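Here's a quick briefing to read with the model open in your viewer.

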Amino acid sequence: MSTDLDSKSFACNICNKSFTLMDSLKVHLRTHTGEKPYVCHICSESFTRKHSLKKHVGIHTGEKPFVCSVCNKSFGAKAYLKSHFLMHTEKKPYACEICSKSFAAIRKLNRHLRIHRNDKPHICQVCSLSFMQKCDLERHVKVHTGEKQHTCDTCGKIFATKDNLLKHYRKHSGERPHACVVCCKSFSHKTDLNRHMSVHTGEK
């Protein structure tokens with residue numbers, strides 16, 4: 001009697017995961033080697049899979065051939081349309097085995113699982129700091145490049161992150177959201193409140 005393991009004859013020599021096709025094993029090995037042979041001719045971003053590159057190119061071309069039959073919203077990839085369509089049906093078939101939270105798309109479940117595993121696959125090439133999501137890494141890299149995109153519309157000062165811009169706004173608005181629970185004195189920044197608390201605790 002054959003089993004599922006018997007039918008998966010191509011095994012990864014690094015993590016022992018098995019596959020039914022050699023091509024599937026080759027694609028899987030790229031997760032270990034970091035090889036990304038499919039390169040976007042527009043922005044040079046590279047991918048491990050051909051279909052991932054094809055989906056990415058749609059960002060540049062604006063092509064969105066997959067249309068929702070309910071609301072007519074269009075998408076660049078069939079997987080995105082499928083995930084979107086679940087919003088209309090309210091189905092969330094992908095459940096987390098750890099906390100039972102459910103999701104409409106497998107990619108959202110995978111992203112959620114990183115919280116439980118403390119998985120941070122996106123690593124800064126400059127300082128090796130790691131992040132759970134690519135967008136967080138991209139925001140962090142601006143610290144090294146000096147790129148600043150967030151501008152104060154009051155004084156024109158520019159900041160690398162939106163959080164820093166919001167903190168800066170308090171100088172103009174006078175907002176002081178961080179209040180001392182002992183004497184009720186308030187501060188614009190949490191670090192100022194923490195420093196103030198040493199007055200009451202006697203810490204230096």
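When domains come up below, their bounds are taken from an automatic or database domain assignment. Keep in mind that this is a predicted model. On that basis the protein splits into domain 1 (10-63), domain 2 (65-118), domain 3 (120-172) and domain 4 (174-203), and the second largest pocket takes at least three lining residues from each of domain 1 and domain 2.

- The UniProt record (an unreviewed entry) carries the feature "domain: C2H2-type" at residues 10-37, 38-65, 66-93, 94-121, 122-149, 150-177 and 178-204.
- Take residues 10-37 as one of those spans: 43% of it is helix and 14% is strand, with 22 Å between the end C-alpha atoms.
- For residues 94-121, the end C-alpha atoms are 22 Å apart, and the make-up is 43% helix and 14% strand.

**The second largest pocket**

- How much space lies in the second largest pocket? It comes to about 300 Å³.
- There are 13 residues lining this pocket, and K54, K55, F66, G76 and A77 are the closest to its centre.
- Two elements, α3 (50-61) and α4 (78-89), each give two or more residues to the lining.
- Which element gives the most to that lining? That would be α3, with 6 residues.
- Sorted by class, the lining has 5 nonpolar, 4 polar and 4 charged residues.

**Helix α8 and what follows**

- Helix α8 (residues 190-201) has 12 residues, so at 1.5 Å a residue it should span 16 Å; its end C-alpha atoms are 16 Å apart, which agrees.

**Charged pairs**

- Side chains of opposite charge can pair when their charged atoms come close.
- With a cut-off of 4 Å between a side-chain nitrogen of Lys or Arg and a carboxyl oxygen of Asp or Glu, the count is 2 salt bridges.
- One of them joins E45 to K134, whose closest N and O atoms are 2.6 Å apart.
- That pair ties together distant parts of the chain, 89 residues apart: E45 is in the loop between β3 (38-39) and β4 (46-47), while K134 belongs to helix α6 (residues 134-145).

Definitions and conventions. Residues are numbered from 1 along each chain as its sequence is written. This is a predicted model: local features need pLDDT of at least 70, side-chain atom pairs count only at pLDDT 80 or more; totals for chains, interfaces and linings use all residues. Side-chain values use heavy atoms; hydrogens and water are left out. On a 1 Å grid over the protein atoms alone, a cavity is a set of points where a 1.4 Å probe fits but cannot get out, and a pocket is an open set with protein on both sides within 12 Å along at least five of seven lines; lining residues have an atom within 4 Å of a point. Grid points are joined across faces, edges and corners, and a volume is the space filled by probe spheres set on the points. Helices (H or I, at least four residues) and strands (E, at least two) are DSSP runs, numbered from the N terminus. Ala, Val, Leu, Ile, Met, Phe, Trp, Tyr, Cys and Pro count as nonpolar, Asp, Glu, Lys and Arg as charged, and the others, Gly among them, as polar. UniProt positions are given in the numbering used here, feature names are shortened, and annotations may be inferred rather than shown by experiment. The expected span of a helix is 1.5 Å times one less than its number of residues.
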